[in-house]
Every structure is written in structure tokens, then in C-alpha cells.
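Here are some notes for a colleague who is meeting this structure for the first time.

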Amino acid sequence: AFFGQWKPEMPGLTRRPRVDASTALPVYPEDAVRNEETGVTTLESCVTVEGRMVDVKLARSSGSVTLDSATLAWAQTARFAPAEFNGEPMAVCGYRLDYEWRVQERQSR
């Protein structure tokens, strides 16, 4: 399969890859919630025309092995709308995805 190198400013790019609405967000690991671990995990991968992430690598750590592992595990099952070039689906490599992990404050009763 043909993969183009991802560049957000690529001429002819009519849609960048995005997480499909049917894909659930990563589950916050209980240990990380309990320890109030937060951060941004950055993944770099190829996104196929079928909407799968392949060749996924950790590009930047959140500072938490637990959160980084959860993000990588999620990437294995996540579905994406692929990039489009002049309206046609296109596989791209070098795509970066930032996922921010934030512990939500519990509301008082």
C-alpha cells in the first residue's frame, strides 16, 4: 500500500486523519486516577485508508508509564477517518496524535 508522509500543510489535503466518532476514548487506568497522574502522551504512526493506526510509536511521554501504556493499547483498537487528498482517502505516515490525560475533579454532594 502507498503511504504519503504526513504534513498538515500538504497541498491537496482535504481532510486530516481524525478519531472516528464510533471509537471510545482511552479508559483512565484506576492506578493513575488514584495517584492523580496527568500529562499528554504523543503517538506517532501511520494511518491506513481503512482507518487503522499502524507502526505506532511513543513520540513523547506523558511522564507516566501507566498512561503511556494505556494510550498505546487504545491505539491498537482505535478507528480513524483517514486523511483525504483531493477528496480521496489516503494513507499517511508521520501522523502525530496528542492525548491529554486529566483527572476530573469529583463533584461534591
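1. Helices and strands are named here as DSSP runs, a helix having at least four residues and a strand at least two, and they are numbered from the N terminus. In these terms Asp20 is found in the loop between S3 and H1. The model is a predicted one, and the points below should be read with that in mind.

2. On the overall layout, the protein chain holds 2 helices and 8 strands, and along the sequence these follow the pattern β-β-β-α-β-β-α-β-β-β. Of the 109 residues of the protein chain, 39% count as buried. The accessible surface comes to about 7100 Å², and 49% of that surface belongs to carbon and sulfur atoms. Among the contacts in the protein chain with a separation of 6 or more, 72% are accounted for by residues 24 or more positions apart.

3. Asp20 and Ala78 are 58 residues apart in sequence, while their C-alpha atoms are 7.9 Å apart in space. When residues up to four places away in sequence are not counted, Asp20 touches Arg79, Phe80 and Ala81. With a relative accessible area of 29%, Asp20 is partly exposed.

4. As for the interior, in soluble globular proteins nonpolar side chains tend to be buried together. Here the largest nonpolar core has 13 residues, and those with the most contacts inside it are Val47, Met53, Trp74, Phe80, Val92 and Tyr95. At least two residues of this core are supplied by each of S4, helix H2 (65-75) and S8, with S8 giving the largest share, 4 residues. Apart from this core lies another one, of 6 residues, among them Tyr28, Leu67, Ala70 and Tyr99.

5. The aromatic residues deserve a separate look. The count comes to 5 aromatic pairs. In one of them, the rings of Tyr28 and Trp101 have their centres 5.0 Å apart and their planes at 80 degrees, and since planes over 60 degrees apart count as edge-to-face, that is how this pair is classed. The pair links distant parts of the chain, for Tyr28 is in the loop between strand S3 (18-19) and H1, whereas Trp101 is in strand S8 (residues 88-101), 73 residues apart. Tyr28 is buried, and so is Trp101. The rings of Trp74 and Phe80, with centres 6.3 Å apart and planes at 65 degrees, also form an edge-to-face pair, and both of these residues are buried. Tyr28, Trp74, Phe80, Tyr95, Tyr99 and Trp101 form one aromatic cluster.

6. Which cysteines does the disulfide join? The structure holds 1 disulfide, and it joins Cys46 to Cys93, with an S to S distance of 2.0 Å. The link of Cys46 and Cys93 is right-handed, with 105 degrees about the S-S bond. Cys46 is in strand S4 and Cys93 in strand S8, so that the pair links parts of the chain 47 residues apart. Both Cys46 and Cys93 are buried.

7. A search of the whole structure finds 5 salt bridges. In one of them the side chains of Arg96 and Glu44 meet at 3.0 Å, N to O; because Arg96 lies in strand S8 and Glu44 in strand S4, this pair ties together parts that are 52 residues apart in sequence. Arg96 is partly exposed, with a relative accessible area of 45%, and Glu44 counts as partly exposed at 29%. Another salt bridge is formed by the side chains of Asp98 and Arg60, at 3.7 Å, N to O, and it links strand S8 with strand S5 across 38 residues. Asp98 is exposed, with a relative accessible area of 52%, whereas Arg60 is partly exposed at 45%.

8. Most residues other than glycine have a negative phi. Glu36, however, has a positive phi near 55 degrees; this residue is in the loop between helix H1 (30-34) and strand S4 (39-47), and at 61% relative accessibility it counts as exposed. Asp55 likewise is not a glycine and has a positive phi of about 55 degrees, but its place is in strand S5 (residues 53-60). Asp55 counts as exposed, at 56% relative accessibility.

Technical notes
Residues numbered from 1 in each chain as written. Predicted model: local features only at pLDDT ≥ 70, side-chain atom pairs only at ≥ 80, totals over all residues. Heavy atoms only, no water. Buried < 20%, exposed > 50% of the residue type's maximum accessible area, 1.4 Å probe, protein only. Phe/Tyr/Trp six-rings, centres within 6.5 Å; stacked < 30°, edge-to-face > 60°. Disulfide = S-S within 2.5 Å. Contact = heavy atoms within 4.5 Å. Areas by Shrake-Rupley, 256 points an atom, 1.4 Å probe, with all protein chains shown as cover. Core = buried A, V, L, I, M, F, W, Y, C linked by side-chain atoms within 4.5 Å. Salt bridge = Lys/Arg side-chain N within 4 Å of Asp/Glu carboxyl O.
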